[in-house]
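Trainee: Could we go through this model together, one question at a time? I would like to see how each answer is reached.

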Amino acid sequence: MFNYFMQIIHGMADYGWRIFYASMIFFVAEMAFGRNRYSLRSRFNAALYWLVYIAITVSFYALFGRIWGSLGVKPLLSLDLNRLFSGGGKWLQVVGWIVMPVIAAIIGEFFYYWFHRLQHKSAFLWAFHSEHHALREMSAWNSNHHFTEEIFRVPFVLIPISLLIQVDVGVVPALVGLIIGLQGQFEHSHTKLNLGPLRYVVADNRFHRIHHSVELHHYDKNFGSFTSVWDSLFGTAYFPAKDEWPDTGIDAHDEAKNLSEYLFRPFRKLRGKSAA
């Protein structure tokens with residue numbers, strides 16, 4: 001039991017530091033090249049919500065990992081991408097360090113893409129996911145979802161992936177992993193820095209901003225988180241014009257103003273609908 005709790009503590013620390021590094025990198029980028037001016041209150045609340053999000057998420061995944069691992073489930077298909085680049089020279093291997101994790105992320109995001117679309121169609125899932133879309137002051141620091149986001153990923157994303165496919169990318173340098181890990185907060189940042197033509201493969205902040213847009217012609221567009229590939233294939237991609245930078249938020253309510261709203265408002269919304 002002690003080892004289990006230590007695993008949770010170490011997991012929280014590692015995850016927390018990754019979030020902190022990413023947030024500070026893009027905080028500086030937003031201060032230097034930002035498109036919007038946001039309040040310190042919003043950033044402070046976001047930091048508090050991140051702490052709660054990390055504590056709940058890491059604890060949940062530690063428990064799920066122990067249970068799922070004990071079942072010994074094997075995927076139907078194993079894909080070894082490492083072989084594509086390991087047999088060549090040094091430069092091919094270096095290219096593989098970048099390309100293989102990106103390919104693996106694109107494959108895995110197929111499941112997230114459809115889960116994300118379901119979150120916008122299901123009234124139950126939208127009650128939780130709308131907390132993320134309520135962000136009017138959207139930034140890298142203020143990009144966390146409701147804590148239930150990771151819990152719902154288990155049946156809709158993680159279990160299907162675990163049952164169907166395992167992708168082996170070999171050893172990936174820590175720096176490469178860090179750079180790829182930054183993408184989740186980069187896509188929510190309001191910095192003028194973007195990926196240019198690379199957004200046709202990897203989603204950037206301009207691409208994802210459209211998904212959070214208040215403008216009607218942007219609705220139900222750009223569901224991809226890491227990649228824009230699945231949006232392009234399934235007809236939901238919208239690549240913005242150079243200066244297209246819409247406001248974000250929803251009409252139903254603003255972002256959570258305190259920890260109680262962050263934790264419990266989705267449940268109150270569901271309870272209210274049930275009573276009605």
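This is a predicted model: local features need pLDDT of at least 70, side-chain atom pairs count only at pLDDT 80 or more; totals for chains, interfaces and linings use all residues.

Mentor: Residues are numbered from 1 along each chain as its sequence is written, and side-chain values use heavy atoms, with hydrogens and water left out.

Trainee: Which residues does Tyr53 contact, leaving aside neighbours within four places in sequence?

Mentor: Contact means heavy atoms within 4.5 Å. Tyr53 is one of the residues with the most contacts inside the largest core. Its partners beyond those neighbours are Tyr15, His145, His146, Phe147, Glu150 and Tyr262.

Trainee: Is His146 buried or exposed?

Mentor: His146 sits in the loop between α5 (123–133) and α6 (148–164). Not counting residues up to four places away in sequence, it touches Tyr53, Phe128, Glu131, Tyr262, Leu263, Pro266 and Phe267. Because its relative accessibility is 2%, His146 counts as buried.

Trainee: Which side chain makes a polar contact with the side chain of His146?

Mentor: A polar contact is a pair of N or O atoms within 3.5 Å; within protein, one must be able to donate a hydrogen and the other to accept it, and residues adjacent in sequence count only if both atoms are side-chain atoms. A polar atom of the His146 side chain lies 2.9 Å from the backbone oxygen of Tyr262. The side-chain partner, at 2.9 Å, is Thr148.

Trainee: How many residues of α5 are buried?

Mentor: The buried residues of α5 are Leu125, Ala127, Phe128, His129, Ser130, Glu131, His132 and His133. The helix is mostly covered, and of its 11 residues the number buried is eight.

Trainee: How far apart in space are Phe147 and Leu79, C-alpha to C-alpha?

Mentor: Phe147 is in the loop between α5 and α6, and it is buried because its relative accessible area is 12%. In sequence, Phe147 and Leu79 are 68 residues apart. Their C-alpha separation in space is 31 Å.

Trainee: What is the angle at which α4 and α6 pack?

Mentor: Two packed helices are described by the angle between their axes and the distance between the axes. Axes are lines fitted to C-alpha atoms, for helices over the stretch in contact, and angles run from 0 to 180 degrees between N-to-C directions. For α4 (residues 90–121) and α6, the axes are 9 Å apart and the angle is about 140°.

Trainee: How far apart are the axes of α2 and α6?

Mentor: Residues of α2 in this contact include Tyr53, Phe60 and Trp68, and those of α6 include Glu150, Val154 and Leu158. The helices pack at an angle of about 35°, and their axes are 12 Å apart.

Trainee: Is Asn222 buried or exposed?

Mentor: Asn222 lies in the loop between α9 and α10. It is not a glycine, yet its phi is positive, about 60°. With a relative accessible area of 0%, Asn222 is buried.

Trainee: Which side chain makes a polar contact with the side chain of Thr236?

Mentor: Thr236 is in the loop between α10 and α11, and it counts as buried because its relative accessibility is 5%. Its contacts include Arg117, Asp220 and Asn222. The polar side-chain partner, at 2.7 Å, is Tyr113.

Notes. A nonpolar core is a set of buried Ala, Val, Leu, Ile, Met, Phe, Trp, Tyr and Cys residues joined through side-chain atoms within 4.5 Å. Buried means under 20% relative accessible area, exposed over 50%, partly exposed in between (1.4 Å probe, protein chains only). Helices (H or I, at least four residues) and strands (E, at least two) are DSSP runs, numbered from the N terminus.
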